[in-house]
Amino acid sequence: MFLLVCGRLFVTLRIFLQLMTDVALHKVKFVTLGCKLNFSESATIGQQLLERGIATTAKDDEEPDICVVNTCSVTSLADRKCRQSIRNLIRRYPDALVVVTGCYAQLQGKTIAEIPGVDIVLGNEQKGEVVDYIERWLSDKHNALVVTPHKDIRHFSPSCECGDRTRYFLKVQDGCDYYCSYCTIPLARGRSRSGTIASLVEQAQDVAQRGGKEIVITGVNIGDFGKNTGEDFLDLLKALDTVEGIERYRISSIEPDLLTDEIIDWSATSHAFMPHFHIPLQCGNDEVLRLMRRHYTRDLFASKVERIHQVMPHAFIGVDVMVGTRGETPEYFDDSLQFIASLGVQHLHVFPYSERPGTQALRIPYIVPKAERDARVSRMMELSDRQQRQFIERFLGSERPVLFEQPPHGNKVMHGFTDNYIRVNAPYRAELVNTVTTVTLGSIINNDLSVDI
């Protein structure tokens, strides 16, 4: 621990000396699209650049010398947003170095490299080397396109940062060995691989040393943790639970067939793991799940939700739902909607099916028109809003612990989350930021709770 603290002091001193002596420091602007894992990785790249004297722009209108776009490719809409973000940055900052990495870069690297103004394109295997490529470009101005084929992606790049947020995001796993019929993530992220328990515990200890109170465990398929290390996810959770100073952990998302009863039961007794689960379902109809090539039935999913309700009746359960996938007839959708309504979950992350080139879903004959997909999204979202409000109403007038987060600059309202993931808004008080404070839950405003503290 002494060496860790000394190392941080050395890095801080080096940055300070650079700030004092370098009058032409470079500034970097990040655009991060997609998942929490991407956010964690972008924050880590930002920290690595800071340690080499390159600071992230503090304001939106601050002129950057470097732009880094960390892309997503989970849907065709995500692809379009990536292209728009890249072109907007090039138009806005024509003299800046533009670096593109992430899943869209992995899948469409050559296409991105052909956009005038893009200087460096790196696949997911190279994401951990972004800083090195930037330094080389600043030295020799040579463009680069480096994308490792997905079958050869093997490296695990560690990541644990909070960026400008209060909660930290700890990457424990990357890649996916599941090949769902609609999904390109295995092609973008490669095979499942993980860090070691020892290395991840060390990162959590570092967070505690920095004053962090909450860590969100992230990855592509975190329940698959340890396939390359001979360890397992439950052992990781138990090890993290022993780290002094970390008051809260959250499991970002875990597949239902990998969420064992042992994990659920242990989480109910943990002192630091919150009563909060996010479980991807995708569809509540077994025939559609089969077409999707998912690894479970709806009965298995229901059994996991029931188990959570039994041991943690106050837990918040979020669920991913995809609507309008090929093969989802009106009857199958209605069946799915009724099943999901019967589960008693609190929030639905709903998104319409998107055609992805090269996926097996394109062979399924029944196609849901876009207007019908949009209508199904609306019906699912109405269900989600009702169920989330009912859950919040259960706790009105009760006391719950809330970790308050730093609001945007100048904002007079701060927010935080209860242990069971109810969002709470309160008047800003600087001394309460990054502290767990017990509050009485008050009135509901737009599915958030407003409290006086």
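**Sheet, helix packing and aromatic contacts in a predicted model**

Glu 214 has Arg 248 of strand β12 as its bridge partner. Strands here are DSSP runs of E with at least two residues, helices are runs of H or I with at least four residues, and both are numbered from the N terminus. Two strands are taken as paired if DSSP finds at least two bridges between them. The model is predicted, so local features need pLDDT of at least 70 and side-chain atom pairs count only at pLDDT 80 or more, while totals for chains, interfaces and linings use all residues. Residues are numbered from 1 along each chain as its sequence is written, and side-chain values use heavy atoms, with hydrogens and water left out.

Strand β11 (residues 214–218) pairs with β12 in the parallel sense, over 4 bridges. Both belong to an open sheet of 4 strands in the order β7-β8-β11-β12, with mixed pairing. Its edge strands, each of which pairs on one side only, are β7 (159–161) and β12 (248–251). On average, neighbouring strands of this sheet are turned by 20° against each other, direction ignored. Axes are lines fitted to C-alpha atoms, for helices over the stretch in contact, and angles run from 0 to 180 degrees between N-to-C directions.

Helix α2 (residues 36–50) lies across β7, β8 (168–171) and β11, and runs at about 80° to β7. Helix α8 (residues 197–209) also packs on the sheet, where it touches β7, β8, β11 and β12; its direction makes about 170° with that of β8. Contact means heavy atoms within 4.5 Å. The expected span of a helix is 1.5 Å times one less than its number of residues. For the 13 residues of α8 this gives 18 Å, which agrees with the 18 Å between its end C-alpha atoms. Buried residues of α8 are Ile 197, Leu 200, Val 201, Gln 203, Ala 204, Asp 206 and Val 207. The term buried denotes under 20% relative accessible area, exposed over 50%, and partly exposed the range in between (1.4 Å probe, protein chains only). Just after α8, Gly 211 takes a positive phi of about 95°.

Positive phi values also occur at residues other than glycine. Most residues other than glycine have a negative phi. Lys 141, which is not a glycine, has a positive phi of about 60° and is found in the loop between α6 (130–140) and β6 (144–146). Lys 141 is partly exposed, with a relative accessible area of 48%. Gln 282, in strand β13 (residues 276–282), has a positive phi near 80° and counts as buried at 7% relative accessibility. A further positive phi, near 65°, is that of Tyr 421 in the hairpin of β17 and β18, which has 4 residues between the strands. Strand β17 (residues 413–418) and strand β18 (residues 423–427) run antiparallel and are joined by 5 bridges. In this pairing, Met 414 stands opposite Ala 426 of β18.

The structure holds 7 aromatic pairs. Rings of Phe, Tyr and Trp (its six-membered ring) pair if their centres lie within 6.5 Å; planes under 30 degrees apart count as stacked, over 60 as edge-to-face and the rest as tilted. Phe 316 and Phe 391 form an edge-to-face pair, at 5.7 Å centre to centre and 75° between the planes. Phe 316 lies in strand β14 (residues 316–323) and Phe 391 in helix α14 (residues 370–394), so the pair ties together parts that are 75 residues apart in sequence. Phe 391 and Phe 395 form an edge-to-face pair, at 5.0 Å centre to centre and 65° between the planes. Phe 316 and Phe 391 are buried, and Phe 395 is buried as well. One aromatic cluster is formed by Phe 316, Phe 391, Phe 395, Phe 417 and Tyr 421.

Helix α14 also holds Leu 383, which counts as buried at 4% relative accessibility. Not counting residues up to four places away in sequence, Leu 383 touches Leu 337, Ile 340, Ala 341 and Leu 348. Leu 383 and Leu 348 are 35 residues apart in sequence and 8.1 Å apart in space, C-alpha to C-alpha.
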